[in-house]
Amino acid sequence: MRKLKGTEKLLCALLIAASLALVSTFSASASNSQLITPVSVMLDGEEILNEEEGALLADGVTFVPLRRFCTLMGGCEVSWDNASNSASVRAAGLVINAAPGNQYITVNDRIFFCSNAVFIKDGTLYVPIRALARAYGLDVEWRAEGGSFGYVNLISSGKRAEDASDVYDSEVLYWLSRIISAESRGESLMGQIAVGNVVLNRTRSEQFPSTVYDVIFDTKFGVQFTPAASGTIYHEPSESSIIAAKICLEGYTLSDDILYFLNEAISTNMWVTNNRTYVMTLGNHTFYS
């Protein structure tokens with residue numbers, strides 16, 4: 001791939017910023033009613049939500065009312081916490097938390113990324129169906145038949161989501177959250193996820209060590225991550241960096257190709273910009289493959 005010029009970098013950055021702004025605008029409340037269309041939801045061949053019962057197609061993503069959907073799944077308690085401005089669901093083997101504006105939900109202390117943010121409409125909290133389906137062990141497919149837009153078909157496929165302690169390697173989470181926090185504190189969630197992607201992508205590349213710890217403290221070609229040398233890697237990680245690390249460990253990635261990043265405004269070594277292929281810019285960081 002050819003290296004992008006400065007003007008092309010700027011255009012790419014503006015496009016990414018515009019897309020993130022669109023998500024943010026739509027996140028907390030659904031004021032753009034023209035983007036919202038009622039949609040039906042089926043479970044194992046039986047309709048559980050019809051077009052009058054609350055499921056919505058918004059920006060190409062199906063959302064369902066949290067309370068109603070979880071109630072239909074059976075045996076749950078749903079509550080709202082004013083202090084955290086979030087809803088909580090307790091069901092057999094599940095604890096789910098969702099808050100308007102967040103682009104993720106928490107399931108058994110795991111973090112499930114959502115393609116679009118949770119929002120409130122007419123006093124009802126809506127969550128992307130794929131995240132909830134994953135929590136309940138359901139596969140999701142879109143069927144373009146029936147009605148004007150088709151419908152969502154859910155298929156029972158397995159057990160409900162496991163606990164975080166059974167999924168995340170504690171040492172990997174420890175170091176990944178700390179390098180994300182030390183390198184990108186104050187960046188957006190997407191910016192923090194991208195830093196985590198770089199570290200995990202390196203563990204899968206033959207050019208770098210195969211563990212998160214060894215990638216962070218790699219010095220084969222000089223210090224790779226400044227916090228490993230300065231000591232800020234040992235600082236307590238921010239809450240958002242732990243969330244970003246968990247999202248990365250769940251398999252979500254902005255790019256499988258990014259292996260390098262830097263803040264070009266303060267960097268004193270421009271080897272990456274001169275020798276690697278530009279991929280994207282998020283916040284203060286520019287990412288390269």
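Start with strand β15, residues 260-262. β15 gives the most to the lining of the largest pocket: three residues. Keep in mind that this is a predicted model.

**Stop 1: the largest pocket.** Select Val223, Gln224, Phe261, Leu262 and Val272. Of the 26 lining residues, these lie nearest the pocket's centre. The space inside comes to about 860 Å³. Now colour α5, α6, β15 and α10 (271-275), the elements that give two or more residues to the lining. Colour the lining by class next: 13 residues are nonpolar, nine are polar and four are charged.

**Stop 2: two helices from that lining.** Select α5 (residues 170-184) and α6 (residues 189-203). Two packed helices are described by the angle between their axes and the distance between the axes. Here the angle is about 125°, and the axes are 9 Å apart. α5 and α6 are therefore oblique to each other. Their crossing is right-handed. Show the side that α5 brings to the contact: Leu176, Ile179, Ile180, Glu183 and Ser184.

Stop 3: Move to Ser115, Pro128, Ile129, Arg130 and Ala131. They lie nearest the centre of the second largest pocket, which 22 residues line. Its volume is about 360 Å³. Which element supplies the largest share of this lining? Select α3, which provides four residues.

Technical notes. Residues numbered from 1 in each chain as written. Predicted model: local features only at pLDDT ≥ 70, side-chain atom pairs only at ≥ 80, totals over all residues. Heavy atoms only, no water. Axes fitted to C-alpha atoms, helices over the stretch in contact; angles between N-to-C directions. Parallel < 35°, antiparallel > 145°, perpendicular 65-115°, else oblique. Left-handed = near helix turned anticlockwise from the far one by under 90°. Contact = heavy atoms within 4.5 Å. 1 Å grid on protein atoms, 1.4 Å probe; cavity = no way out; pocket = protein on both sides within 12 Å on 5 of 7 lines; lining within 4 Å. Points joined across faces, edges and corners; volume = space filled by probe spheres on them. Nonpolar A, V, L, I, M, F, W, Y, C, P; charged D, E, K, R; others polar.
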